[in-house]
2 protein chains.
Amino acid sequence: MARARTRQRQLTKPPGSLGRLEALSVQLAGIYGTERPQTGDKRVTVAAGDHGVVAQGVTAYPQTVTAQMVLNFLQGGAAVSVMARHVGVGLSIVDVGVATPLSSHPGLRVVAVGRSTGDITVGPAMTRAQAQRCLEEGAALALEVAQEGTGLVGTGDMGIGNTTPSSAIAACMTGAPPERTTGRGTGRTPEELGHKIAVVRRALEVNRPDPADALDVLAKVGGFEIGLLAGVILGTASARRAVVLDGFIAGAAALIACGLCPQARGYLIASHRSVERGHRVILRRLGLRPVLDLGLRLGEGTGAVLAMGVIEAAAACLSEMATFAEAGVTDRPAQSQEARP
Amino acid sequence: MARARTRQRQLTKPPGSLGRLEALSVQLAGIYGTERPQTGDKRVTVAAGDHGVVAQGVTAYPQTVTAQMVLNFLQGGAAVSVMARHVGVGLSIVDVGVATPLSSHPGLRVVAVGRSTGDITVGPAMTRAQAQRCLEEGAALALEVAQEGTGLVGTGDMGIGNTTPSSAIAACMTGAPPERTTGRGTGRTPEELGHKIAVVRRALEVNRPDPADALDVLAKVGGFEIGLLAGVILGTASARRAVVLDGFIAGAAALIACGLCPQARGYLIASHRSVERGHRVILRRLGLRPVLDLGLRLGEGTGAVLAMGVIEAAAACLSEMATFAEAGVTDRPAQSQEARP
């Protein structure tokens, strides 16, 4: 990273003029261990799972939509499918616990840890063994992807109701009250939001997850797709690749991952700031500043796909721009460089 | 645009969940005249010119850097060259008035309206005939590009000292005092900034440009590359293509273009919010909300290139996503859709 900073100062531009891209490029240099970072291929793992808490009426769409949207991903009609196709991002669609049975499909990876989690207002989402299996399967997937030469690994999610367990995870892991970690999701009225906050509070009271034990938090108030993504984050970081987090659900997965292994933090890039309320609490806790702020609240990995172009550009500028000396461009007097912010 | 809004509501996602992308897609539908907008090819015109006002010591780099950077663009070593190569954006490099003679190069278009403008603290930047020629040459270039199937046309600039005339244009066209339209450019100390503000104020006092006559403003306190870009904006809008503005210099060009033809406004997309102080004044006057906010202050068209991926994704989602009916995905009850923001 020190070598990357030195190289940044020699590139043909006023120092600091590429703003956030310069910090991103230095982070990528650290992740890949070279001052000329190559991002390689790009892939987003979209994990799908269902949530027993939908029985509490926390969402506007029926549970069958999770499976329907998985089919939509496979057929290329969803937002993340369209975006990924346009920018050359590969998608891995993973069923980790969708309630509605899905026909086998060459593009669908089935890692059936369960069929919908339990209703977290009456008991745990899953067993501790299931939580561990989510992590292991996610990490295994990530290592596979890393071996294929993928340098940017995005996280995507699909799961009707999954903002509710994410809000519970965020409240438990950060200590913030459920009012600050719970947003509207696909709901709309103040009454719906108030009900959802009460559901999150009840889930925490009933299960009493231990914030010092992230596996306990995942098992008690998490979700299968959230656990798989936490595993993807850990596996990707262990392989020295960059993790491009999507929005709120990905942030909950990152809290679990960093709870288990704080060093994973340095491998994370927050793609965007979701309008989902609890996302800012998560970003602050993780110390991440999002690349984009586009008012997105879709999930699926759409923010991750959108940010990858900017992240690639950051790496490419550091790796491929000419230095003042190489291009024969006159630099300004050296002493003024010291005042660089 | 009305048809585009209707189609947006039928796509397989919660209404509004793609945030800014939805508004962008509707704007593109209006520009291209279809609810399935295709952005086509992407090109950035990088206009280069020199500025007599550098004699007043307003910049950290010597004037020769303008020509050196043009060579750097042609050799592919500049930031905009690297970014454009990675995302398939074509570059048109145009010499509109570089002071240092440049050798001919197959990638360089020479539209020699002059060789550096005059020092605007002692007289006009150029004659009214030269200002008109900048606009005509820019519009002609834009029409050529439009005929090649380019749907996204970015503006880029290179010109040591060009934040000073841009600040003067912004102050004149918006009525804001020079303190609010003048930023640090490549300078660094408070003293340098204070001097630059005084230079902008003197340029306005000496030349007394008429804000109701944008051609007068361009001639008296503008720049050759700023005028060419204003012409590119007008030509692109007239051809019903989208203009992707880079940062502060592009904003000054847009003020000139919209001063001449207010209808051009609807064809503009602000790629990013520059840290250069006067940019926010320009964006507010034009009523534009930038797509990206990455702390950039480089120019060259780098912000425009970076935003094009997001803009393309916005169009692609509107054009290619499946509707609820097509994908067999259950929509939520219809009455709740009415509350859509």
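Arg43(B) stands opposite Val153(B), a residue of strand S4(B). The model is predicted. Strand S1 of chain B, which covers residues 41-49, pairs with S4(B) in the parallel sense.

**Strand S1 of chain B**

- S1(B) and strand S4 of chain B, residues 150-158, are joined over eight bridges.
- Strand S2 of chain B, residues 90-97, also pairs with S1(B) in the parallel sense, here over seven bridges.
- Within S2(B), Leu91(B) is the bridge partner of Val44(B).
- S1(B) is mostly covered, as seven of its nine residues are buried.
- In a regular strand, side chains alternate between the two faces of the sheet.

**His272 of chain B**

- His272(B) is found in the loop that runs between strand S6 (268-270) and helix H12 (279-286) of chain B.
- His272(B) has a relative accessibility of 3%, and therefore counts as buried, the cut-off being under 20%.
- Although His272(B) and Pro290(B) are 18 residues apart along the chain, their C-alpha atoms are separated by 4.6 Å.

- Arg284(A) is classed as exposed because its relative accessible area is 57%, and the class requires over 50%.

Note on methods:
Residues numbered from 1 in each chain as written. Chains lettered and ligands numbered in written order. Predicted model: local features only at pLDDT ≥ 70, side-chain atom pairs only at ≥ 80, totals over all residues. Heavy atoms only, no water. Buried < 20%, exposed > 50% of the residue type's maximum accessible area, 1.4 Å probe, protein only. Helix = DSSP H or I, 4+ residues; strand = E, 2+ residues; numbered from the N terminus. Pairing = 2+ DSSP bridges.
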